[in-house]
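Subject: Structure handover

Hello,

Here is the structure I said I would pass on. My notes follow below it.

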Amino acid sequence: MILGLSIQTFTVIHVIISLLAIASGVLVLIGMLRSNRMPGWSAFFLLTTVLTSVTGFLFPINGFTPALGTGIVSLVLLALALYGLYSKHLSGAWRWIYVTTAVASLYLNVLVLIVQSFQKISVLKPLAPTQSEPPFLIAQSIALFAFVVLGTLAVTRFRPPAITAS
């Protein structure tokens, strides 16, 4: 039981939150590429991504795992993104810090999606049973390349009008 829920129910909720974080993150990334702040979607993306990491820590864990490391890194990145967006209002260097940390957080969600897909989806599992086989490495490499390119473009293009503090 986790938070009074069966592990199966909690897992389903965690997966739904994660998929919502990825979908909203893609929308926010598209907005960044168009220099569109998208405040509602950005807030939803950051919230669901924080919830993805936090709920991940609630699963029964024995020892330090790559998933824990990913969750810790994600929460550090998200803290910087939240601070840059809501405390510093994207001023000065905080614009590119926000973009970089938000895109990196989205990448980590996609990274975990790829890992989990190769572990859980019956069609993919035989292609990379140890996750060191070419199909898995190719999928990870494509994702990394795409996020580096899109993140670089987002840093360059995301220049929304400044927020004036009231």
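Which residues does Ile-72 touch, not counting residues up to four places away in sequence? They are Phe-57 and Phe-64, where contact means heavy atoms within 4.5 Å.

Before the rest, the basis. This is a predicted model, in which local features need pLDDT of at least 70 and side-chain atom pairs count only at pLDDT 80 or more, while totals for chains, interfaces and linings use all residues. Residues are numbered from 1 along each chain as its sequence is written, and side-chain values use heavy atoms, with hydrogens and water left out.

To finish with Ile-72: this residue is found in helix H3, helices being DSSP runs (H or I, at least four residues) and strands likewise (E, at least two), numbered from the N terminus. Ile-72 is partly exposed, with a relative accessible area of 43%; buried means under 20%, exposed over 50%, and partly exposed in between (1.4 Å probe, protein chains only). Between the C-alpha atoms of Ile-72 and Val-54, 18 residues apart along the chain, the separation is 9.2 Å.

Helix packing

H2 (residues 39–56) packs against H3 (residues 66–87) at an angle of about 155°, and their axes are 9 Å apart. Axes are lines fitted to C-alpha atoms, for helices over the stretch in contact, and angles run from 0 to 180 degrees between N-to-C directions. That angle makes H2 roughly antiparallel to H3 (under 35 degrees counts as roughly parallel, over 145 as roughly antiparallel, 65 to 115 as roughly perpendicular and the rest as oblique). The crossing of H2 past H3 is left-handed, meaning that the near helix is turned anticlockwise from the far one by less than a right angle; clockwise would be right-handed. On the H2 side the contact is made by residues including Pro-39, Leu-46 and Val-50, and on the H3 side by residues including Gly-71, Leu-78 and Tyr-86. By class, the residues of this contact of H2 with H3 are 11 nonpolar, 5 polar and no charged. Here Ala, Val, Leu, Ile, Met, Phe, Trp, Tyr, Cys and Pro count as nonpolar, Asp, Glu, Lys and Arg as charged, and the others, Gly among them, as polar.

H3 and H4 pack at an angle of about 150°, with axes 8 Å apart. That makes H3 roughly antiparallel to H4, and their crossing is left-handed. Among the H3 residues in the contact are Val-73, Leu-77 and Tyr-83, and among those of H4 are Trp-94, Tyr-98 and Leu-108. The contact of H3 with H4 divides into 13 nonpolar, 5 polar and no charged residues.

The axes of H1 and H4 come within 10 Å and cross at roughly 145°. H1 passes H4 in a left-handed crossing. Residues of H1 including Ile-22, Gly-25 and Met-32 meet residues of H4 including Val-99, Asn-109 and Leu-113. The contact of H1 with H4 has 14 nonpolar, 2 polar and no charged residues.

Helix lengths and H5

The 27 residues of H1 (residues 7–33) should span 39 Å at 1.5 Å a residue, and the end C-alpha atoms of H1, at 38 Å apart, agree with that. The expected span is 1.5 Å times one less than the number of residues. The buried residues of H5 are Phe-136, Gln-140, Ala-143, Phe-147, Gly-151 and Ala-154. What covers them includes H1 and H4.

Phe-118 is in H4 (residues 94–120) and is buried, at 8% relative accessible area. Leaving aside neighbours within four places in sequence, its contacts include Leu-124, Gln-131 and Phe-136. Gln-131, in the loop between H4 and H5, counts as buried at 18% relative accessibility.

Backbone in the H1–H2 loop

Most residues other than glycine have a negative phi. Ser-35, in the loop between H1 and H2, has a positive phi of about 60° although it is not a glycine. Ser-35 is partly exposed at 24% relative accessibility. Met-38, also found in the loop between H1 and H2, has a positive phi of about 50° and is not a glycine either. Met-38 is buried, with a relative accessible area of 18%.

Regards
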